Amino acid sequence: MNPYQVDRNQAEIEARAKISWGDPPQEVVKYLMIQGFSYEEAAPLVDSMYQERTATIRRTGITRVVVGAGLMATPVVAWFVMSSMPVFSFKLFALPVMAGAWGIWMLIKGIFMIVSPRSESGDVADK
């Protein structure tokens, strides 16, 4: 073990963090090989870590789709509530319209996260 190597458990923890941060799988395999893993050990380990990352991104995407759909319904509900009031305020109605626009963005982003989770870059925690 050279002085730049860490123990195997620590190397796996750091590799999982690298995958979570969005490092390419090839780079993480190289990192594990530098830490003393063989390619036959490192490749399946990184593949399973990357599958965990895609599952996490898909779960986040499903959450965004559900929340986005709810926010998209906000202007419709607000329209019916505000139209039954004696005075309709367009300035006040702008707030639910903005929430609906945000919901459209969340829905679209969520669909992309579900359909193509590997295209998401960056840290999974920031999603």
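Guide: Gladly! This is a predicted model. Let us begin with helix α2 (residues 25–34) and α3: their axes come within 9 Å and cross at roughly 140°.

Visitor: What are two packed helices described by?

Guide: Two packed helices are described by the angle between their axes and by the distance between those axes.

Visitor: Which residues make the contact?

Guide: From α2 come Pro25, Val28, Val29, Leu32 and Met33, and from α3 come Tyr39, Ala42, Ala43, Leu45, Val46 and Tyr50. Sorted by class, the contact of α2 with α3 has 11 nonpolar residues, no polar and no charged.

Visitor: Now for the other pair. At what angle do the axes of α1 and α3 cross?

Guide: Helix α1 (residues 8–21) and helix α3 (residues 39–83) have axes that cross at roughly 45° and come within 9 Å. Angles under 35 degrees would count as roughly parallel, so α1 and α3 are oblique to each other. Their crossing is right-handed.

Visitor: And which residues of α1 and α3 make that contact?

Guide: On α1 they include Arg8, Glu12, Ala15 and Ile19, and on α3 they include Glu41, Leu45, Val46 and Tyr50. By class, this contact of α1 with α3 divides into 7 nonpolar, 1 polar and 6 charged residues.

How values were computed. Residues numbered from 1 in each chain as written. Predicted model: local features only at pLDDT ≥ 70, side-chain atom pairs only at ≥ 80, totals over all residues. Heavy atoms only, no water. Axes fitted to C-alpha atoms, helices over the stretch in contact; angles between N-to-C directions. Helix = DSSP H or I, 4+ residues; strand = E, 2+ residues; numbered from the N terminus. Parallel < 35°, antiparallel > 145°, perpendicular 65-115°, else oblique. Left-handed = near helix turned anticlockwise from the far one by under 90°. Contact = heavy atoms within 4.5 Å. Nonpolar A, V, L, I, M, F, W, Y, C, P; charged D, E, K, R; others polar.
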